[in-house]
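User: Could you take a close look at one helix pair in this model for me? I would also like to see how the rest of the chain is put together around that question.

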Amino acid sequence: MLEQNLNDQSLWIVDYADIVLPEHPTGHSTTTSQVSSGSQAATGSKSMSKSVGGHTHTSSGSGNTDQNMFHTISSGKTVIGKYKGNVVAMKKIEKEKLVVTRKHLTEFKQMRDLLHENVNIFVGACIYPPRIYLITAFCSKGSLQDLLENDSINLDNAFKMSIAVDIAKGMAFLHGTTIASHGRLKSSNCVVDSRWVVKVTDYGMGDFKCDQDDSAWESEHARYTDMFWTAPELLRCAAQGNYGSQKGDIYGYGIILAEIALRSGPYSAQSVLDPKGIIQAVKFGQEPVYRPFVPQDNCPHEMHRLMESCWTELADRRPTFDSILSWLKKMNGGKLMSVVDNMFSMMEKYASNLEELVQERTSQLDEEKRKTDELLYRMIPVFVANKLKCGETIPPQTFESVTVYFSDIVGFTKLAAASSPLQVVDFLNDLYTLFDGVIEKYDVYKVETIGDAYMVASGLPELNGNRHVSEIATMALELLSSLKNFTIRHIPKKQLQLRCGFHTGAVVAGVVGLKMPRYCLFGDTVNTASRMESSGLALRIHVSWTSYVLLLDMGTFIMEKRGEVTIKGKGMVETYWLHGRSDMTFDLPDVTLAAPLEEHEFK
Ligand SMILES: Nc1nc2c(ncn2[C@@H]2O[C@H](COP(=O)(O)OP(=O)(O)OP(=O)(O)O)[C@@H](O)[C@H]2O)c(=O)[nH]1
Ligand SMILES: [Mg+2]
């Protein structure tokens, strides 16, 4: 069975002719059989333009489309192609001839069997010289090295922690497989997919990769720079070759942690030595050992300790990836968050913050709306206000029977002349505040105040049968009674001389004006009601005959005939004084305190 599996090359062999390379810079889309597009890889020169150790590097790995992908990998021995509809990274193996051995077959099988979120998928291999390629899934955001050097990407501590977690998870998995160690763990061999998941790549296939043409290195500088992640014991022992060791991987991981903290090559801050000098210093291994310098400010103290423990000189003292994961978990408040988890939690936080914000803003808006509505409803009736808000017009409406009340202050003109404007405003404000408090208890609608005149109606805008007259009558009694507790601030000893009158009849109500619309009442009833007030006496309630008849029916109101009074435009009419109610619980002001007739102005 195993034998059959090993020999089933269809599982991993890739025909180079089946790979489509993205648009060539000259504009031709080509298959590999005719291209020079793989030529960079074919020549196999390892570019020195990478920034390992603080030097520039030209590959950029974000936001790739098929069109520009070819240009995104301009370093190393990797090119991009499309295989069976998927974008793949094709790593050139520098060999002139290749004999596929049983060991290679075993390696291919190992590679195909691996499945972990943080381990890049192995797709297969092209094995016919000179086109020998190892093919892996393409991760669109480039290598970790690309990511760290891209200044336009903001990496906060949580993000950095997630990168460290992703790599450690992938490596812990690899160490538990038959592949056992990576051998070339470095930031260019950690790639970032479109969902920001970091995956280790270029692992395994140690035998297949070995004995490559070493002349491919563009320069000595590049060759030594590539060794920054190699543990000192491996530098000293060339025989470890492409397999590396688990403790060697931990060393490489420590160097990656330094890169993450620095966001640049591991030795970028140590410019005294060139890459060759750095490798020699690391290889030397004497105390104090030569390692990347990471300023304390660049990362949390615990992370510092972790990287130092990873690159400890004595390999046996280095932690395992499992213990690194527990370490990271502790540092992260008991959670192992991957970049994706982190982003989700950030998005969730953001979303719930947004929800809270929206809720807060909505309730602020509701509150403001409530306040403006309240203000509006004080100025015009609710139903009128609502119609006006909807842009509807309000046709005038006839009310067959309503009671209209007027009051004013006898001697107001004199009083106002003897007071400062501010005192008058204070006085009227106090008075109307008192009145507004009283009328709230009744089914009445305050129409308006004009100077010292106060106008109230009942039976509109909502009909209330015949109740309007008793509502107004009782309200008038209570308004009069409220004067007993009222003092004019600047003349406290003076009795306020309120004169009230009301009349019942038909009115037309309508909204007038566009700029400051007002709900107004029109008709003879309004005039008569006003005359009832202006022909009345201070501290008394003057009632028309129509209102009197209705009140009489109710039986509780105490009234007295005043006699015949001349009302302008009406001639002689019979009117009444309202003195109280049989069930009245409040006292009225003493009428002997009323202003003498000569102080009255009659209209
Ligand atoms: N976007 C993207 N870029 C990749 C991928 N794999 C490799 N690369 C890029 O190709 C560059 C060169 O990769 P390689 O040819 O493997 O060279 P290397 O990683 O420096 O060295 P070795 O793997 O040790 O040979 C990397 O630095 C990345 O920028 C991938 O899956 N996606
Ligand atoms: Mg690589």
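Which way does α17 pass α18, in a left-handed or a right-handed crossing?

Analyst: α17 passes α18 in a right-handed crossing (left-handed would have the near helix turned anticlockwise from the far one by less than a right angle, right-handed clockwise). Before going further, please keep in mind that this is a predicted model, in which local features need pLDDT of at least 70 and side-chain atom pairs count only at pLDDT 80 or more, while totals for chains, interfaces and linings use all residues. Residues are numbered from 1 along each chain as its sequence is written, chains are lettered from A and ligands numbered from 1 in the order in which they are written, and side-chain values use heavy atoms, leaving out hydrogens and water.

Two packed helices are described by the angle between their axes and the distance between the axes. For α17 (residues 421–439) and α18 (residues 467–482), the angle is about 145° and the axes are 10 Å apart; axes are lines fitted to C-alpha atoms, for helices over the stretch in contact, and angles run from 0 to 180 degrees between N-to-C directions. From α17, the contact takes in Leu434, Phe435, Val438 and Ile439, and from α18, Met475, Glu478, Leu479 and Ser482 (contact means heavy atoms within 4.5 Å). By class, these residues are six nonpolar, one polar and one charged, where Ala, Val, Leu, Ile, Met, Phe, Trp, Tyr, Cys and Pro count as nonpolar, Asp, Glu, Lys and Arg as charged, and the others, Gly among them, as polar.

Methionine 554 belongs to α20 (residues 545–554) and touches Asn466, Val469 and Ser470, leaving aside residues up to four places away in sequence. Its C-alpha is 9.8 Å from that of arginine 467, across 87 residues of sequence. Methionine 554 is partly exposed, at 31% relative accessible area (buried is under 20%, exposed over 50% and partly exposed in between, with a 1.4 Å probe and protein chains only).

The axes of α10 (residues 246–262) and α13 (residues 321–331) come within 11 Å and cross at roughly 30°. Asp249, Ile250 and Tyr253 of α10 meet Phe321, Ile324 and Leu328 of α13, giving five nonpolar, no polar and one charged residues.

Leucine 144 is buried, with a relative accessible area of 0%. Between leucine 144 and valine 191, the C-alpha distance is 5.6 Å over 47 residues of sequence.

On to the metal: Asn189 (OD1) and Asp202 (OD) coordinate the magnesium ion (ligand 2) at 1.9 Å. Donors are N, O and S atoms within 2.8 Å of the metal (3.2 Å for Na, K and Ca), and with water not among the atoms, sites may look incomplete. Asparagine 189 sits in the loop between α6 and β7 and aspartate 202 in the loop between β8 (198–200) and α7 (206–209), so the pair ties together parts 13 residues apart in sequence. Both asparagine 189 and aspartate 202 are buried.

Overall, the protein has 20 helices and 16 strands; helices (H or I, at least four residues) and strands (E, at least two) are DSSP runs, numbered from the N terminus. Of its 603 residues, 49% are buried.
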